[in-house]
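Reader: Hi! Could you walk me through this one before I set anything up?

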Amino acid sequence: MATARVVLIAGLLLTYALAAAAQEGGCVSCHETHFTREGRCASCHRGDPQAVRETLAHHGLLRGPAAAWRMPGSPILTRGRAMRDSLGCRRCHTTGGRGERLAIDLDTAVWERSQTQLRDALQKPAASMPDFALTTAQCDTLAALLLHDGDPHPAQETYQVRFQHTASDTVPVFTRLCGDCHRALGRGGPMGSGRDGPDLSGLTGEFYPVPIDARWDAERLEKWLANPRSLRPATTMPPVRVNRGELQAILRELSGLPAR
Ligand code: HEC
Ligand code: HEC
Ligand code: HEC
Ligand code: HEC
């Protein structure tokens, strides 16, 4: 009787072990295991765990730091958040449900892109997106965060970018006075063509990367334009003469699109 029970238990254990191995399948036939308590290989890396051929097994694979997207406490996600905020992704994009609506909604877009497409989007950015000169590892770190915050099965885009054209379609004041050195996406679309100074999209908004005690409001901008060195002694920006009307126009042009 006792022997039968031992055989039964051994049998169950073996079946369980085989089933577990079958679920990891091809991955563990070629790779060491890790993070076994956090989930299955494919739950973090994607890919096809049933496949035994490498190319098939690696279909849609997430490599490197990007695989940390479903490890909530991971330092990789913490680093990704710090990069998102210091580079100011949200002054143009919505991600994790927050941000300006001046460029594509990343929450609905990221899961539809391959890892290579995400790297390319950051390393060979679109015309109105700044080039942050990111390494591949930095791209993958950001990708982990975008995937973590994004919707894997988006029903539809939560918004579409619709720039508001001015009635007269005149050249924006920003383009005229700042555009030789700066660029910005504003409510009327892309402005300026310069690269000497930083991209000023969302300058006065919630997501422009600044130290917490130094938001860019009308007063600070006026002071800066009159004499940049009064705020930053080592700055290379020369003073720019603007009148009250022009300053107001620039602030308006730089403000984001209103929420729906
Ligand atoms: C037939 C063997 C084979 C199978 C099956 C296989 N891999 Fe791989 N895998 C490799 C080889 C060889 C490399 C290194 C070459 C490369 O980077 O493509 C690799 C690379 C990787 C890397 C990237 C390592 C790096 O340093 O960039 C990850 C992650 C990975 N595999 C995960 C998986 C997962 C998850 C599965 C199952 C869904 C899987 N692999 C199935 C052979 C395999
Ligand atoms: C909980 C998520 C998670 C699970 C589960 C997981 N991985 Fe990973 N894996 C990662 C992360 C994150 C990295 C990258 C770490 C880094 O680059 O800092 C990684 C790295 C790798 C690498 C690259 C090795 C290297 O150079 O670091 C391979 C290969 C790999 N994993 C295979 C597997 C296999 C096979 C399994 C299943 C047994 C698996 N992983 C399960 C998250 C996971
Ligand atoms: C100045 C505005 C701006 C900033 C800042 C910005 N982007 Fe973009 N981004 C764009 C524009 C414009 C596009 C092209 C798509 C579009 O027209 O909406 C784009 C495209 C992308 C795409 C590709 C989407 C696709 O269609 O495949 C990704 C991914 C992306 N951005 C991520 C980021 C990340 C991550 C950051 C922060 C590091 C960032 N962006 C910062 C403006 C910006
Ligand atoms: C001749 C070139 C030039 C012109 C014209 C110019 N800027 Fe600049 N601007 C720069 C440079 C270069 C910097 C970077 C300086 C630095 O980092 O200290 C800068 C920095 C700034 C900053 C600081 C941004 C930050 O993130 O720290 C603001 C704000 C700014 N400019 C606003 C404007 C506005 C508004 C105009 C138009 C009224 C304008 N600038 C015209 C060259 C210019």
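**Metal sites and side-chain pairs**

Author: Let's begin with His45: its relative accessible area is 26%, so His45 is partly exposed. Keep in mind that this is a predicted model.

Reader: Thanks! What does His45 coordinate, and at what distance?
Author: His45 (NE2) coordinates the iron atom of ligand 2 together with His34 (NE2), at 2.0 Å.

Reader: And where in the chain do His34 and His45 sit?
Author: His34 is in the loop between helix 2 and helix 3, while His45 belongs to helix 3. They are 11 residues apart, and the pair links distant parts of the chain.

Reader: What's the geometry at the iron atom of ligand 2?
Author: Octahedral, with six donor atoms and angles of 84 to 178 degrees among them.

Reader: Which residues are closest to ligand 2?
Author: The closest are His31, His34, Cys41, Cys44 and His45, out of 19 residues that surround ligand 2. In the side chain of His34, an N or O atom is 2.7 Å from a nitrogen atom of ligand 2. For His45 the corresponding distance to a nitrogen atom of ligand 2 is 2.8 Å.

Reader: OK, over to ligand 1. Which protein donors does its iron atom have?
Author: His31 (NE2) and His58 (NE2), lying 1.9 to 2.1 Å from the iron atom of ligand 1. His31 sits in the loop between helix 2 (26-30) and helix 3 (41-45), and His58 in the loop between helix 4 (54-57) and helix 5 (75-87). That pair, 27 residues apart, links distant parts of the chain.

Reader: Why does the arrangement around the iron atom of ligand 1 count as octahedral?
Author: Because the six donor atoms around that iron atom subtend angles of 87 to 179 degrees. The rule asks for opposite donors over 155 degrees apart and all others between 65 and 115.

Reader: How accessible are His31 and His58?
Author: His31 has 48% relative accessibility, so His31 counts as partly exposed. His58 has 22%, and therefore also counts as partly exposed.

Reader: New topic: charges. How many salt bridges does the structure hold?
Author: Eight salt bridges. One of them joins Asp199 and Arg91, with the closest N and O atoms 3.9 Å apart. Asp199 lies in the loop between strand 2 (189-191) and helix 10 (218-226), and Arg91 in the loop between helix 5 and helix 6 (106-109), 108 residues apart.

Reader: Are those two buried or exposed?
Author: Asp199 counts as buried because its relative accessibility is 14%. Arg91 is at 7%, so Arg91 counts as buried too.

Reader: What does Arg119 pair with?
Author: Arg119 forms a salt bridge with Asp140, the closest N and O atoms being 2.9 Å apart. Arg119 is in helix 7 (residues 115-123) and Asp140 in helix 8 (residues 136-149), 21 residues apart. Arg119 is partly exposed at 21% relative accessibility, whereas Asp140 is buried at 4%.

Reader: And Lys124, which partner does it meet?
Author: Asp120, in a salt bridge of 3.5 Å, N to O. Lys124 is exposed, with a relative accessible area of 62%, and Asp120 is partly exposed at 30%. Elsewhere, salt bridges that share partners join Arg84, Asp85 and Asp149 into one network.

Reader: Last one: how many aromatic pairs are there?
Author: The count comes to two aromatic pairs. Trp69 and Trp111 have ring centres 4.8 Å apart and planes at 80 degrees, so this pair is edge-to-face. Trp69 is in the loop between helix 4 and helix 5 and Trp111 in the loop between helix 6 and helix 7, so the pair ties together parts 42 residues apart in sequence. Both tryptophans, Trp69 and Trp111, are buried.

Reader: And what about Trp216 and Trp224?
Author: They form an edge-to-face pair, 5.4 Å centre to centre, with 80 degrees between the planes. Trp216 and Trp224 are buried as well.

Methods
Residues numbered from 1 in each chain as written. Chains lettered and ligands numbered in written order. Predicted model: local features only at pLDDT ≥ 70, side-chain atom pairs only at ≥ 80, totals over all residues. Heavy atoms only, no water. Donors = N, O, S within 2.8 Å, 3.2 Å for Na, K, Ca; no water. Tetrahedral: all angles 85-135°; square planar, octahedral: opposite > 155°, others 65-115°. Helix = DSSP H or I, 4+ residues; strand = E, 2+ residues; numbered from the N terminus. Buried < 20%, exposed > 50% of the residue type's maximum accessible area, 1.4 Å probe, protein only. Salt bridge = Lys/Arg side-chain N within 4 Å of Asp/Glu carboxyl O. Near = heavy atom within 4 Å. Polar contact = N/O pair within 3.5 Å; in protein donor to acceptor, adjacent residues only side chain to side chain. Phe/Tyr/Trp six-rings, centres within 6.5 Å; stacked < 30°, edge-to-face > 60°.
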